[in-house]
2 protein chains.
Amino acid sequence: MRLPVRSFFSYSPFCKMAKPRTINIGFIGLGIVGQGVWKHIQRNRAELEHRLGARLVLHSAAVRDPAKKRPVRISRSRLCSDPLAVATDPKLDIVCELMGGTTLAKKATLAALRCGKIVVSANKALLCQSGEKIFQAAKKGGGHFFFEASVAGGIPIIKVIREGLVANRFDLIYGILNGTCNYILTRMDCEGLTFDETIKEARRLGYVEADESLDLDGWDTAHKAVILGYLAHGKWVKLRQVPVEGIRRITLEDIGWARDLGYKIKLLGIVSRDAKNGKVFVRVQPTLISKTKILSHVDDVFNGISVTGDIVGTTVHIGRGAGQDATASAVISDITDAVSTLLGKTSPPPAEGDFGGKTSVIPGAELADLSDISGHYYIRLSVVDKPGVLAEVSAVMAKLGVSIASVIQPKATLGKKATLILTTHSSNEKIIQETCRNLKRLKSVLNAPFLLRIADFKD
Amino acid sequence: MRLPVRSFFSYSPFCKMAKPRTINIGFIGLGIVGQGVWKHIQRNRAELEHRLGARLVLHSAAVRDPAKKRPVRISRSRLCSDPLAVATDPKLDIVCELMGGTTLAKKATLAALRCGKIVVSANKALLCQSGEKIFQAAKKGGGHFFFEASVAGGIPIIKVIREGLVANRFDLIYGILNGTCNYILTRMDCEGLTFDETIKEARRLGYVEADESLDLDGWDTAHKAVILGYLAHGKWVKLRQVPVEGIRRITLEDIGWARDLGYKIKLLGIVSRDAKNGKVFVRVQPTLISKTKILSHVDDVFNGISVTGDIVGTTVHIGRGAGQDATASAVISDITDAVSTLLGKTSPPPAEGDFGGKTSVIPGAELADLSDISGHYYIRLSVVDKPGVLAEVSAVMAKLGVSIASVIQPKATLGKKATLILTTHSSNEKIIQETCRNLKRLKSVLNAPFLLRIADFKD
């Protein structure tokens, strides 16, 4: 069969030169996250539009105080103070609800969905409270509700569970879903600070929500766990059905004793299903997790989620769970999916883009060569066991400007043959290869040097 | 605006009761992976079809020897030995190319794409070699090419990079992409076995490809790194432009010295881009990776990929990179996307399914209660510092059948007040809470017991 050809561009039947369609996006709330989304769309606009085959217009925004000065440049005429006006504006295709809260945000979300719009939301509290109503409104109104940013910020966990692992039934999903709690527990563990000392630091860094109970008593984690429960089992568990415990009672001593027992303490949101009776359970608990588990190494403000499916086994996904940029990344991913939905595109955008029908490579994707790559190195040499060899070797390296970071000279066991392990400071791939060739030429070096790279990635 | 309503069901304008459309799937190759896909679709058919709103028919398969006995039940009449016959069969909507190789598989893939079909493939070698041609053929013929299973098996990394993190430019992607090499390096590290001893074990377990060089010399990792390079930068790097090193020369001593220096050795596929000049570099290298990095804890046959985007920062994704089930999970995810494409669905399937227009919860998703949950526990008690307290406490626990796994009695520092740390063997949530209530009633217990869960998840 041949697939129906869908118009990626304007719908006008008279237009000969297909013009990319314009997608109007409205914001409800233009705080930290909203400004991040706006900023990054502006910055990567060429590439995004190139991939999508559509023009993105940041059309209007509802804010509490339109007169307030903002770091993001936006004309005063595009701002209003009425969320419902944006939600129902017939000129808008996509509405991003980024104001938070569960009263006005709910009204605006439902109004937009009833008009058949696509709503993109990071509002986990609202989704947890009114998920059923929201999806019903979307269905009835012909709209869609996208919520990648609501759980685990930058980690695309919604997409992973719902699409990437669609083949699976999920017996167990658990994760570190609140970066603030993880930051506090990590600081206590690594620096021996008490809860009270750490919370002061977290407040200073702006890591704690205005309503501290959301973070510290586990409610934020609970909202996210309820959403994961829905994704995994199609069921909205009520918040009052979820046992929720926070981290306030954990002492420095608990963390120390847990360490002695081979564990770290992490606040986990857990969605489990009994394999025998199929019953689902959602809970939030500070948990001792073995140091042999990957999630025990997920520290600071990072989130991490372990997803166990009956086919795939366990996959683990780690990344920043909050903050302007990570959340913006998730919101923009939803906006992209929303644009595909609006354009009737049914497959993901091609990597090389498809703008105006011409296939082209993303600008700037030239190939590097060896001289462009640098890093730290590990060199193993098999050498003659006699004095002065290290001096010879280091002279060769010094000549090429390769700086030695450490030397290990294990005791020789094979009579005349010894091993020499060198690590280097940052050097160039081309130069290090030349160094190895020169070392090989030394009489005291018995084999071709064995070179390994040391990861010094800035990630 | 109102979204165009698309028919999720049969296209017949006369049909009053919308009947789910039937999707015919053909297989080219019915080996380990093909049989896994077939098996899991059969097993989860009700749920999958429920979510998709379509009937999946495993229509026919091309195999080397149709007469051979197979664990998967399939009628002889559905088998043939001609890949091209399946590739071009007008009755088929989706063709899964799971035969491997780059000659016949290439012919069949291109033929199917030219007929406008959707091809689902796990063939990283073919994609690496002929990616450009394949996507051109798909574009020209109106077909699609899906390849989630080609990189990192069960981890939906293609979807994560291409859709979930679409907002980002990727300065760095690196990962453990070959489970066999990771298994060998982990065994050497943990058990002090030499490369030769470990490879024998790996062969015995069937972990090594028939062509061992693919795994051990890094070529399989290179195929996957090239695909990641395409996804991140829209560019097909030629295999001959990729410096590729394997793991054969790594000795037990290298692993030991690396350990002393604070590193583990992992074979990495690396796709980097120079932030300054935008140049892209793809390479495969055994690399010393610091024990502070999450990927250094990804052991055995697991794969792990670190993806650094300019907006989201670093996300890490870990899971099984090979094997019948993990690969089948990825192939089924692609089949699901293919079905959405065929049905013109432009948003992911709802969690609660949408079969015949009725919204319903996945069968079996009942809520559990406390008595259904069991696990290991950590209990901190503040007790009077006098002899006999432990006896009292253990008597209370024994009465409820809670078995103590360990006791820590730190030296008392506050005169009459001491702390007691207990861990339990597996117990029931309801019973442990009753235990805590009973402990609180003891005169020698000064505060409410502090209870933490110990993760004993089977993941």
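**Why do we call it that?**

Two bridges link strand β9 (residues 280–290) of chain A with strand β16 (residues 450–454) of chain B, and the two run parallel. Keep in mind that this is a predicted model: local features need pLDDT of at least 70, side-chain atom pairs count only at pLDDT 80 or more, and totals for chains, interfaces and linings use all residues. Residues are numbered from 1 along each chain as its sequence is written, while chains are lettered from A and ligands numbered from 1 in the order in which they are written.

Q: What makes β9 of chain A and β16 of chain B a pair?
A: Strands (DSSP runs of E, at least two residues, numbered from the N terminus) pair if DSSP finds at least two bridges between them. Two bridges join β9 of chain A to β16 of chain B, so they pass. Within this pairing, A:Thr287 sits opposite B:Arg453 in β16(B).

Q: Why is α7(A) called oblique to α8(A)?
A: Helices are DSSP runs of H or I, at least four residues. Here, helix α7 (residues 179–191) and helix α8 (residues 195–204), both of chain A, pack at about 130 degrees with axes 9 Å apart. Angles run from 0 to 180 degrees between N-to-C directions, with axes fitted to C-alpha atoms, for helices over the stretch in contact. Under 35 degrees is roughly parallel, over 145 roughly antiparallel, 65 to 115 roughly perpendicular, and the rest oblique. That makes α7(A) oblique to α8(A).

Q: Which residues of α7(A) and α8(A) meet?
A: In contact means C-beta atoms, placed from the backbone, within 7 Å. Among those that meet are A:Tyr183 and A:Ile184 in α7(A), and A:Phe195 and A:Ile199 in α8(A).

Q: Why is the relation between chain A and chain B that of a two-fold axis?
A: A rotation of 180 degrees, with 0.0 Å of shift along its axis, puts chain B on chain A at an RMSD of 0.0 Å. That's the relation of a two-fold axis. The superposition is by least squares on C-alpha atoms of residues with pLDDT of at least 70 in both copies. In chain B, the C-alpha nearest the axis belongs to B:His317, 2.3 Å away.

Q: How do you know which surface the copies meet through?
A: 100% of chain B's interface residues are also interface residues in chain A, so the copies meet through the same surface. In all, 109 residues of chain B are in contact with 110 residues of chain A. Helix α12 (residues 324–343) of chain B gives the most to chain B's side, with 10 residues.

How values were computed:
Two residues are in contact if their C-beta atoms, placed from the backbone, lie within 7 Å.
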